[in-house]
Amino acid sequence: MELGKIVKVSGPLVVAEGLTNAKMYDMVRVGKEKLIGEIIELRGGFASIQVYEETSGLGPEDPVLSTGEPLSVELGPGLLSSIYDGIQRPLDVIRSVAGDFVIRGVDAPAINREKKWHFKPLVKKGDTVTAGDFLGEVEETSIIKHKIMVPPQFQKATVKEIFEGDFTVEERVAILEFEGKEHEVKMLNQWPVRKARPYKRKLAPYAPLITGQRVIDTFFPIAKGGTACVPGPFGSGKTVIQHQLAKWADAEIVVFIGCGERGNEMTDVLIELPQLLDPYTGKPLMERTILIANTSNMPVAAREASIYTGITLAEYFRDMGYNVALQADSTSRWAEALREISGRLEEMPGEEGYPAYLGSRLAAFYERSGRVVCLGSDNREGTLTAIGSVSPPGGDLSEPVVQATLRIVKVFWGLEDRLAYERHFPAINWLISYSLYLDKIEEYWGEQVAQDYKNLHDEAMKILQREAELKEIVRLVGIDALSPEERILMEGAKSIREDFLQQNAFNELDSFTSLKKQYYLLRLIIHFYQLSLKAFQQGKPLNEILEAKVKEKIARAKFVPEEKLEEIKKIEKEVEKELQVEAVRTKNGRQGC
Amino acid sequence: MLKEYLTIKDVVGPLVLVEGVKGVKYGELVELDFPDGSSSRGSVLEISRDYALVQVFEGTRGINTTQTKVRFVGKSLQFGVSRDILGRVFDGLGRPIDGGPQIIADEYLDIHGAAINPYARDYPTDFIQTGISAIDGMNPLVRGQKLPIFSGAGLPHPQIAAQIARQATVLGKEEEFAVVFSAMGITFEEADYFISEFKQTAAIERAVLFINLADDPAIERIATPKMALTAAEYLAFKLDMHVLVILTDMTYYCEALREISAARKEVPGRRGYPGYLYTDLATNYERAGRIKGKKGSITQIPVLTMPEDDKTHPIPDLTGYITEGQIILSRDLHRKGIYPPIDVLPSLSRLKEKGIGEGKTREDHSGISNQLFAAYARGREARELMIILGEAALTETDKKFVKFADEFEERFVSQGEYENRTIEETLELGWDLCTILPREELKRVSEEQIKKYLKEKSSG
């Protein structure tokens, strides 16, 4: 604890003197209201501090108290279902203390200190444990067991005492003997946000993160432990995609960071998630979710911290062996916060005023994701998938934040406003998007869904590619210039676009599609296309094929409920009947599922 | 007695550097007395042990470095509110300019406000009927939403904004309603148009106006929307009113910000606008919304003119990232003589799905609106093709879509400046247009809705 004095205030940046022992990224308390801040530069006896709250009313000679500790988050039971601001202050508690507006200097513990949790030991007295081992568990919500782990600093310790019963997070639940000394273990612990939590080693991602979004799961899948970015101009549906992923991704824990975005969007999530049931567990989705809301009008420095707060919470649950999905909406607002602070520090700017370290900071953030072997003797695996949206000015993908992000992430879902105007949602452009996990995930499809899934995917992609070329021709010389086969292909592509890629997030039956249903839908569409070609070759008039009555059924197939997937197969039969050709199936066509 | 300083060192554009100050706080209100007897106000932008950097709202003309007196008032810029602000006209810094008495304030509020706790927000769900089909039918406005109008020079955005202010109602509800109007840098004529519009319809009695005209000090504009929103917050969350805030023209507001930023020699972001433009705009726009347990609401309609009609210019771009959609005006439609020239395709209302449907408007609203979007998009595409290749190149179906697009513009989008259509009329009109199309092309509406609402064609 060291007391200094303010010498200068400029927006969210405060310069103080007299903090001789302060370290970089130490947390400080600024002014009489004890606003939270963090030291981001030390120069000539002066410390530059970014303050996480509105600074008006601060002036020279006001006190600055250095805590000597880095900015940290609290970890322990009670995190799930919470809504925090960028520096982990619980917004629900703050509202009950301070009212409907976020006023300054309000402090509340991130984790409830009074609530008692039932701690169930998983080790016995006398057991030898190492860092990361489970000492016990707490049923935090009906779907998540919160594991209490041996803290990372205890390499090899002996359990001296362990207590079963109802405890608050500050009461001891175990006593460990480590290097001859006894240590009390509580459920509550802390971790500095800017330091990645340790693990044993990283592994390459393998299984897909199933999102229920057809264009993502079938065309541009993301792996559990992978990274993705969603850039797009305003109005192209970034946030709806992020919300859909927060709702339907088959992760056990979701951390959603609203970083400098709209207040009403966070409200939407807050109102909707408790009502929605997880398709996998049948429990309210809120029970697996942590929300971090630092809306665009909240202090800009806290926005900078919010993504670190979020990813530290995510790592903590990953360490328990869970699959965690982290979503940051939007990393551009984070980068802008970085730029604003950098400008106030009078640093030499890089591209478009962003600091030169933008790329390395972004890379360091995304690298905290991954599939890892967690600490602990059981060698359990946990994954952390990071998905960030980017809001490029004017939709221009050549701007620095997009470019710096693309160098790191493995999946790119490029949104386009042209598609959004046509009300093609999700407006992911299938020609520019990519997924580098496709090879791995194709194996997974073969094993878990159907052998010919990959073939269907390749065929569909080919049709869409070809359509783009043909569209050019149509634009120049008209549809009559196309051969009948090409006309059939155009129809096939249209069907893929409208009946498969387009998905209505607001329709109950369409909002989530299981992998199995995705497979059936795509198979139906490709089946119709291939039979159309065949029927034409066997002499059926083009008009009859293009105006086939069964097309309306194909269009409505996406509304077939998950439990009645047989109906999609029935439509395949109707296709055969109407086009009067025998089905040609690949040998493996009916395997799997 | 406040201490007076005579220690101005530099005057640069709208900024004044005062030396040797003591006890001054960041964001504090400053009063300056000029040697010619006039006075001005400002606020502290940066404060250190040696100096205070002050932005002067009314301009720095007449300031000298030896005789100008500077006082630091010890509080931030505030606006005194009471119920009596209704029906009054203020200047950009909140002083009455309508010749009426001073306001006896119930309380003085910091114009910067505070962020609404996201946890305290209530989601906007009440549909506002504006009586304009292109908005109600396609991109509906919802109570608590912020929906800007992206316009261009010479397009009729004042008329549209005034029409919305005049006609906006929430279906089936009689509640206290108020309009807060904030003019930033617009011309006398434009401001006069609004004031006389409000007077004609007697709306002035439930309106609060803040007027900063084109020839008023530019820096004052930075405070004007904050004044207006402070008044709006008071009316909405203290007096339980539903407040519609019109902010026009945000482009001039941003230019004033740029002026300050340039004078401070900050590293510019795009097109010379400061890097914090997004955050600054957000602190204005995010003051719209509803709060759980409170009756009132703030709905915002910012108006901005896009330089060169360019949607990717930083002002519309950043606005679009903050607001919940946008209404875009089209010069093409305007040239065709269509009022209001709203281009529905790039326009968007993000809160649409929550505000419409059964119990709010009608169960077919979402379906028919999607159908109209899709059909109009296809019709426009076909029309472009027709221009290049001639009508003969179109299929029969495409010709119908072209006809649809034409009629959609002429009958659905186009309407009178004083024509107030109910939502039923708008939806019926939409269904009526659908009769132009082949029935199997109506894919976005359900079978039942077609049966219920689609009238048989009267002619081929």
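Which side chain does Arg95(B) meet in a salt bridge? In this predicted model, the partner is Glu58(B), with N and O 2.8 Å apart.

Start with how chain B is divided up. Its domain assignment gives domain 1 (4–76), domain 2 (79–354) and domain 3 (365–459). Between domain 1 of chain B and domain 2 of chain B, the contact takes 13 residues from domain 1 and 12 residues from domain 2. What do they bury between them? The figure is about 1100 Å², with 61% of it on carbon and sulfur atoms. Polar links turn up here too: the count between domain 1 and domain 2 of chain B is 2 salt bridges, along with 5 residue pairs in polar contact. On the domain 1 side, strand E5 (39–48) and strand E6 (51–56) of chain B are the elements that give two or more residues. Sorted by class, that side has 7 nonpolar, 3 polar and 3 charged residues.

Further along chain B there is an open sheet of 3 strands, in the order E13-E12-E15, with antiparallel pairing. Strand E13 (141–142) and strand E15 (169–170) of chain B sit at the edges, each pairing on one side only. Strand E12 (residues 127–129) of chain B pairs with E13(B) over 2 bridges, in the antiparallel sense. Within that pairing, Ile128(B) stands opposite Leu141(B).

Now for the two chains together. How many residues does each chain bring to the contact? Chain A gives 76 residues and chain B gives 69 residues. About 6100 Å² is buried between chain A and chain B, and 53% of it is on carbon and sulfur atoms. The count across this interface is 9 salt bridges, one of them joining Arg49(B) to Glu17(A), where the closest N and O atoms are 2.8 Å apart. There are also 30 residue pairs in polar contact between the chains. On the chain A side, helix H4 (residues 263–272) of chain A supplies the largest share, 8 residues. By class, the side of chain A that touches chain B has 26 nonpolar, 20 polar and 30 charged residues. Strands take part in linking the chains as well: strand E1 (residues 2–10) of chain A runs antiparallel to E5(B), joined by 2 bridges. Here Lys8(A) has Ser48(B) as its bridge partner.

Chain A has its own domains, namely domain 1 (2–70), domain 2 (117–187), domain 3 (199–435) and domain 4 (449–592). The C-alpha centres of domain 1 and domain 3 of chain A are separated by 31 Å. Contact between this pair involves 13 residues of domain 1 of chain A and 12 residues of domain 3 of chain A. The buried area comes to about 960 Å², and carbon and sulfur atoms give 61% of that. In domain 1 of chain A, the residues losing the most area to domain 3 are Pro12(A), Gln50(A) and Tyr52(A), together 46% of what that side buries. How many salt bridges are counted between these two domains of chain A? The count is 0, while 3 residue pairs are in polar contact.

Definitions and conventions:
Residues numbered from 1 in each chain as written. Chains lettered and ligands numbered in written order. Predicted model: local features only at pLDDT ≥ 70, side-chain atom pairs only at ≥ 80, totals over all residues. Heavy atoms only, no water. Pairing = 2+ DSSP bridges. Helix = DSSP H or I, 4+ residues; strand = E, 2+ residues; numbered from the N terminus. Domains from an automatic or database assignment. Contact = heavy atoms within 4.5 Å. Buried area = accessible area lost by both parts, 1.4 Å probe. Salt bridge = Lys/Arg side-chain N within 4 Å of Asp/Glu carboxyl O. Polar contact = N/O pair within 3.5 Å; in protein donor to acceptor, adjacent residues only side chain to side chain. Nonpolar A, V, L, I, M, F, W, Y, C, P; charged D, E, K, R; others polar.
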